[in-house]
Amino acid sequence: MSETAAPTQVLIQSNKADTMRVLSRDGDRLGHIHAYMLHKRTGRAAYAIVSIGGFLGVGKAFYPLPFQLLDYDPVADEYRVTIDRRLLEGGPSWANNAPVFDQAYADRVASYYGVAREDLSLG
């Protein structure tokens, strides 16, 4: 009889996000989740901020990735991006100072990845 790993918990504390590994669609390690961008009204995670590269905090880059471009593996407890790594690494990002994540920036991210626009209005 073969043993299978037990699935992990479905919920994660937001302050534990950096423990979530992110793999490319080919299974290569990309980085980890740095943070989740939550919609204040709905409580839904709209983006995962993926941290890639760096050593001891130097050279690290952060990529806002629309959540629909991530697949979660509950057994391995990690995410896989559903797009090519080169597309991700060429996308909107920052190294030191995060941009203001307003409607204009959200529209830029959506346009780059070809996903539906995220409405950030409070109404």
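The model I am reading is predicted.

**Entry 1, overall layout.** I counted 2 helices and 6 strands in the protein. From the N terminus, I read their order as β-β-β-β-β-β-α-α. I then looked up burial: 34% of the 123 residues are buried. Of the contacts with a separation of 6 or more, 42% join residues 24 or more positions apart. For the accessible surface I noted about 7900 Å², with 52% of that belonging to carbon and sulfur atoms.

I found Ser-51 in strand 3, which covers residues 45-52. Is Ser-51 buried or exposed? Ser-51 counts as buried because its relative accessibility is 2%, and the cut-off for buried is under 20%. Leaving out residues up to four places away in sequence, I listed what Ser-51 touches: Leu-30, Gly-31, His-32, His-34, Lys-60, Ala-61 and Phe-62.

Which residues line the second largest pocket? I wrote down Met-37, Leu-38, His-39, Lys-40, Ala-46, Tyr-47, Phe-101, Glu-118, Leu-120 and Leu-122. Sorted by class, this lining has 7 nonpolar, 1 polar and 2 charged residues. Strand 2 (29-38) supplies at least two of the lining residues, and so does strand 3.

Key. Residues are numbered from 1 along each chain as its sequence is written. This is a predicted model: local features need pLDDT of at least 70, side-chain atom pairs count only at pLDDT 80 or more; totals for chains, interfaces and linings use all residues. Side-chain values use heavy atoms; hydrogens and water are left out. Helices (H or I, at least four residues) and strands (E, at least two) are DSSP runs, numbered from the N terminus. Buried means under 20% relative accessible area, exposed over 50%, partly exposed in between (1.4 Å probe, protein chains only). Contact means heavy atoms within 4.5 Å. Accessible areas come from the Shrake-Rupley method with a 1.4 Å probe; for residues, only the protein chains shown count as cover. On a 1 Å grid over the protein atoms alone, a cavity is a set of points where a 1.4 Å probe fits but cannot get out, and a pocket is an open set with protein on both sides within 12 Å along at least five of seven lines; lining residues have an atom within 4 Å of a point. Ala, Val, Leu, Ile, Met, Phe, Trp, Tyr, Cys and Pro count as nonpolar, Asp, Glu, Lys and Arg as charged, and the others, Gly among them, as polar.
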